[in-house]
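Let's take a look at this chain together. Have the sequence and the 3D view open as you read.

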Amino acid sequence: QVQLVESGGGLVQAGGSLRLSCSASGSIFRLDAMRWYRQAPGAQRELVAGIAPGGSTNYADSVKGRFTISRDNAKNTVYLQMNSLKPEDTAVYYCYAVAVAVDGLVRQYWGQGTQVTVSS
């Protein structure tokens with residue numbers, strides 16, 4: 001089994017910054033794609049950013065130029081640096097990972113979510 005634990009959420013004023021972290025632990029052989037999603041109240045969960053094992057990235061248009069996703073493969077950790085935050089960034093942010101376990105099976109995992117609140 002693999003566990004994803006997020007940290008770094010909180011309350012910040014508009015224009016401020018936060019850095020989210022998500023660490024994976026458990027029976028991991030290899031982590032493949034890692035992503036951040038978010039879900040605002042009353043809205044569907046949406047993809048924020050993704051990063052492949054080799055480092056290629058993709059972003060939602062709404063966060064391009066403000067958010068940066070990165071990963072430390074040695075630490076099985078993915079980060080989301082969020083700058084120039086806006087009230088519309090307020091949401092619960094979820095970490096997602098595709099992991100190859102030591103048994104060879106490929107599974108998808110979600111973290112428990114971390115709240116980000118941006119005040120105007």
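## One disulfide and its surroundings

The structure holds one disulfide, meaning a pair of cysteine sulfur atoms within 2.5 Å. Here the partners are Cys22 and Cys95, with their sulfur atoms 2.1 Å apart. Cys22 sits in strand β3 (residues 18-26) and Cys95 in strand β9 (residues 91-101), so the bond ties together parts that are 73 residues apart in sequence. The link is left-handed, with -80° about the S-S bond. Both Cys22 and Cys95 are buried; buried means under 20% relative accessible area, exposed means over 50%, and partly exposed is in between (1.4 Å probe, protein chains only).

Before going on, keep in mind that this is a predicted model: local features need pLDDT of at least 70, side-chain atom pairs count only at pLDDT 80 or more, and totals for chains, interfaces and linings use all residues. Residues are numbered from 1 along each chain as its sequence is written, and side-chain values use heavy atoms, with hydrogens and water left out.

## The whole chain

What is the chain built from, helices or strands? It has zero helices and 11 strands, where helices (H or I, at least four residues) and strands (E, at least two) are DSSP runs numbered from the N terminus. Its C-alpha atoms fill a box of roughly 50 × 25 × 20 Å, taken along the principal axes. The radius of gyration is 14 Å, which agrees with the value near 14 Å for a compact globule of 120 residues; that radius is taken over C-alpha atoms, and the globule rule is 2.2 Å times the number of residues to the power 0.38.

Of the 120 residues, 42% are buried. Among contacts with a separation of 6 or more, 54% are between residues 24 or more positions apart, a contact being heavy atoms within 4.5 Å. The accessible surface comes to about 6,100 Å², and 49% of that belongs to carbon and sulfur atoms. These areas come from the Shrake-Rupley method with a 1.4 Å probe, and for residues only the protein chains shown count as cover.

How about charge? The chain has 11 positive and 8 negative side chains, and the centres of the two sets lie 2 Å apart. Lys and Arg count as positive and Asp and Glu as negative, while His and the chain ends are not counted. Each charge is placed at NZ of Lys, CZ of Arg, CG of Asp or CD of Glu.

Thr77 belongs to strand β8 (residues 77-82). Leaving aside neighbours within four places in sequence, Thr77 touches Cys22, Ser23, Ser70, Arg71 and Asp72. The C-alpha atoms of Thr77 and Leu31 are separated by 9.4 Å, and the two residues are 46 apart along the chain.

Now for the backbone. Most residues other than glycine have a negative phi. Asn76, in the loop between β7 (67-72) and β8, has a positive phi of about 50°. Ser84, in the loop between β8 and β9, also has a positive phi of about 50°.

Asp103 is in the loop between β9 and β10 (106-110). Asp103 and Gln44 are 59 residues apart in sequence and 33 Å apart in space, C-alpha to C-alpha.

Here is how four of these residues compare for cover:

| Residue | Relative accessible area | Class |
|---|---|---|
| Thr77 | 5% | buried |
| Asn76 | 23% | partly exposed |
| Ser84 | 40% | partly exposed |
| Asp103 | 48% | partly exposed |
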